[in-house]
Amino acid sequence: MTTPSRSGSLLSTIKAVLWGFLGVRQRAEYEKDIKRLNPLHLVAVGIVMAFIFVGALIALVNWIAG
């Protein structure tokens with residue numbers, strides 16, 4: 001058996017990860033994303049977004065601390 005192809009755009013993957021970071025995703029939308037998006041892409045975008053978030057926090061602290 002072959003697994004169904006999951007074709008989701010980069011923008012929809014980024015939006016799904018951002019909603020996940022905020023934690024305000026509706027159950028129906030979450031289930032649509034699970035069927036549509038590639039899990040490897042979700043993990044990769046999630047890791048990149050986490051690094052961006054930590055980098056932004058470090059930059060903010062350095063800017064405030066002067």
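Biologist: In this predicted model, with which residues is Val 45 in contact, leaving aside its neighbours within four places in sequence?

Modeller: Val 45 has its place in helix α3. Leaving aside neighbours within four places in sequence, the residues in contact with Val 45 are Leu 10, Thr 13, Ile 14 and Val 17.

Biologist: Is Val 45 buried or exposed?

Modeller: A residue counts as buried under 20% relative accessible area. Val 45 has a relative accessible area of 13%, so Val 45 is buried.

Biologist: What distance separates the C-alpha atoms of Val 45 and Ala 16?

Modeller: Along the chain, Val 45 and Ala 16 are 29 residues apart.

Biologist: Which residues of α3 are buried, and against which helix do they pack?

Modeller: The buried residues of α3 are Val 45, Gly 46 and Met 49. These buried residues pack against α1.

Biologist: How are the axes of α1 and α3 placed, and is α1 parallel or oblique to α3?

Modeller: Two packed helices are described by the angle and the distance between their axes. Here the axes of α1 (residues 10–22) and α3 (residues 39–65) come within 9 Å and cross at roughly 60°. That angle makes α1, relative to α3, oblique.

Biologist: Which residues meet between α1 and α3, and how many of them are nonpolar, polar and charged?

Modeller: On the α1 side, the residues are Leu 10, Thr 13, Ile 14, Ala 16, Val 17, Leu 18 and Phe 21. They meet His 41, Leu 42, Val 45, Gly 46, Met 49 and Ala 50 in α3. By class, the contact of α1 with α3 has 10 nonpolar, three polar and no charged residues.

Biologist: What span should α3 have, and how far apart are its end C-alpha atoms?

Modeller: Helix α3 has 27 residues, and at 1.5 Å a residue it should span 39 Å.

Biologist: Is Ser 12 buried or exposed, and which residues are in contact with Ser 12 beyond four places in sequence?

Modeller: Ser 12 has its place in helix α1. Its relative accessibility is 12%, so Ser 12 counts as buried. Leaving aside neighbours within four places in sequence, Ser 12 is in contact with Arg 36 and Leu 37.

Biologist: Is Asp 33 buried or exposed, and which residues does Asp 33 touch?

Modeller: Asp 33 is found in helix α2 (residues 27–36). With a relative accessible area of 5%, Asp 33 is buried. Not counting residues up to four places away in sequence, Asp 33 touches Ala 16 and Arg 25.

Biologist: What pattern does the protein chain follow along the sequence?

Modeller: The protein chain has three helices and zero strands. Read along the sequence, the pattern is α-α-α.

Biologist: What share of the contacts with a separation of 6 or more comes from residues 24 or more positions apart?

Modeller: The share concerns contacts in the protein chain with a separation of 6 or more. Of these, residues 24 or more positions apart account for 87%.

How values were computed:
Residues are numbered from 1 along each chain as its sequence is written. This is a predicted model: local features need pLDDT of at least 70, side-chain atom pairs count only at pLDDT 80 or more; totals for chains, interfaces and linings use all residues. Side-chain values use heavy atoms; hydrogens and water are left out. Axes are lines fitted to C-alpha atoms, for helices over the stretch in contact, and angles run from 0 to 180 degrees between N-to-C directions. Helices (H or I, at least four residues) and strands (E, at least two) are DSSP runs, numbered from the N terminus. Angles under 35 degrees count as roughly parallel, over 145 as roughly antiparallel, 65 to 115 as roughly perpendicular and the rest as oblique. Contact means heavy atoms within 4.5 Å. Ala, Val, Leu, Ile, Met, Phe, Trp, Tyr, Cys and Pro count as nonpolar, Asp, Glu, Lys and Arg as charged, and the others, Gly among them, as polar. The expected span of a helix is 1.5 Å times one less than its number of residues. Buried means under 20% relative accessible area, exposed over 50%, partly exposed in between (1.4 Å probe, protein chains only).
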